[in-house]
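Open the model in your viewer and keep the selection tool at hand. This tour goes from one stop to the next, saying what to select and what is there.

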Amino acid sequence: MKTIGVLTSGGDSQGMNAAVRAVVRTALNEGFRVMGINKGYNGLINGDITELNYTSVSNTLSSGGTFLKTARCLEFKEEAGILKAVETCKKFGIDGIVVLGGDGSFRGARDLTLHGVPCVAMPGTIDNDIVCSDYTIGFDTAVNICVELIDKLRDTCESHNRCSVVQIMGKNAGWVTLEASIASGATTTVVPEVEFNFERDIVERFKRGMGFGKTSFIVAVSEGVFFDVPSNKNYEYMQKIGIHNAAEFAKKITEETGVESRETVLGHVQRGGTPTARDRIIATEMGNYAVELLKNNISNRVIVMKENHITDFDILEALQMKKPFDIKRYNMANDINI
Ligand code: ADP
């Protein structure tokens, strides 16, 4: 193996640049040429590729986003798209690729490996929804952003004796919401993985809090609660009680508890900004590990964090794993946050 390519695919996350930097510099140190593939799998299909050197990744460690750009590429899901990518690899002499992204990106890396281009993948998403890994690059930064913003909302809620319904990203998973709730002391945490009941989790908890003298409330709700997918335990219930979005949730809270409530949808602000030290460190370690695998002719692997150690799994095996929701910490948040 002489030339390694690197690409970022799917939704971006903070720390992707740190990961790419580690891949580039480790690969150069090992004597490889390095090719930056732009816009995810699109760049591989269209030949949008640039050679990278040590300084190509200077000053990227602390920046959010991905300087390689990212995209969702439908064409790559088809055999014809993969074959075009294989041709591009031959043209540019790329004989191994590090892919950074989520589940879909891993499938692409597996398909490419099966077509003769060895790939390894790394988990890059704020959602922490990659079942094979305890941690995904970007998660820590996203949680910290949510906490900072909820703290600000808390100040104004407290002044006005209000409730803030805060909608948090995470796709079908509630990991960002759970950690943000623990760290910001949200009264109620609503996630797709745990059955929610308006009377028990809002009305009763608010009453109890008011009994202790509480005057402001935060309700942290995961965006996935509003998605019509089988993994969402709350979709039908929410529809039944007339809550289709954060605004309707806030309205119902005002009506049923008498506490004036406003909604805030945090949105894409959670995906930007400078990565935390934790994200930069893990991204660097994973990037370094990825190149070591390719150097040792090991491919079709996904690099993961398991019990605070970086290790790797077969991609297909990794995609079939399960990551049970952390109900213990969810219950702890409910017990401590009044
Ligand atoms: P996100 O979860 O942010 O959408 P993913 O990492 O799941 O990100 O990336 C999805 C992208 O992965 C798709 O748009 C496509 O470009 C790429 N991809 C490649 N092969 C596949 C595949 N077999 N299934 C799904 N996505 C694939």
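Start with Thr189, which stands opposite Ala220 in strand E8. Strands here are DSSP runs of E with at least two residues, helices are runs of H or I with at least four residues, and both are numbered from the N terminus.

Some ground rules before moving on. This is a predicted model, in which local features need pLDDT of at least 70 and side-chain atom pairs count only at pLDDT 80 or more, while totals for chains, interfaces and linings use all residues. Residues are numbered from 1 along each chain as its sequence is written, and side-chain values use heavy atoms, leaving out hydrogens and water.

**The sheet**

Select E7, E8, E6 and E9. In that order, these four strands form an open sheet with parallel pairing. Two strands pair if DSSP finds at least two bridges between them. E7 (188-190) and E9 (261-265) are the edge strands; each has a single partner, so one side of each lacks a neighbour in the sheet. Neighbouring strands are turned by 15° against each other on average, direction ignored. That angle is taken between lines fitted to C-alpha atoms, on a scale from 0 to 180 degrees between N-to-C directions.

Walk across the pairs. E7 and E8 are joined by three bridges. E6 and E8 share six, with Ile168 partnering Ser222 of E8. E6 (residues 163-168) meets E9 through five bridges; there, Ser164 partners Arg262.

Buried means under 20% relative accessible area (1.4 Å probe, protein chains only). On one side, look for Phe217, Val219 and Val221; on the other, Ile218, Ala220 and Ser222.

**A loop stop**

Go to Thr136, in the loop between strand E5 (119-123) and helix H5 (139-160). Thr136 has 0% relative accessibility and counts as buried. Its side chain reaches the backbone nitrogen of Asn128 at 3.2 Å.

**The ligand**

Select the ligand and its surroundings. The shell has 17 residues, the closest being Gly11, Arg72, Gly102, Ser105 and Lys171; a residue is near if one of its heavy atoms lies within 4 Å. Helix H4 (residues 103-114) gives the largest share, six residues.

Which distances separate ligand oxygen atoms from Gly11, Arg72 and Lys171? A polar backbone atom of Gly11 is at 2.6 Å. A polar side-chain atom of Arg72 is at 2.7 Å. An N or O atom in the side chain of Lys171 is at 2.5 Å.

How values were computed: Polar contact = N/O pair within 3.5 Å; in protein donor to acceptor, adjacent residues only side chain to side chain. Buried < 20%, exposed > 50% of the residue type's maximum accessible area, 1.4 Å probe, protein only.
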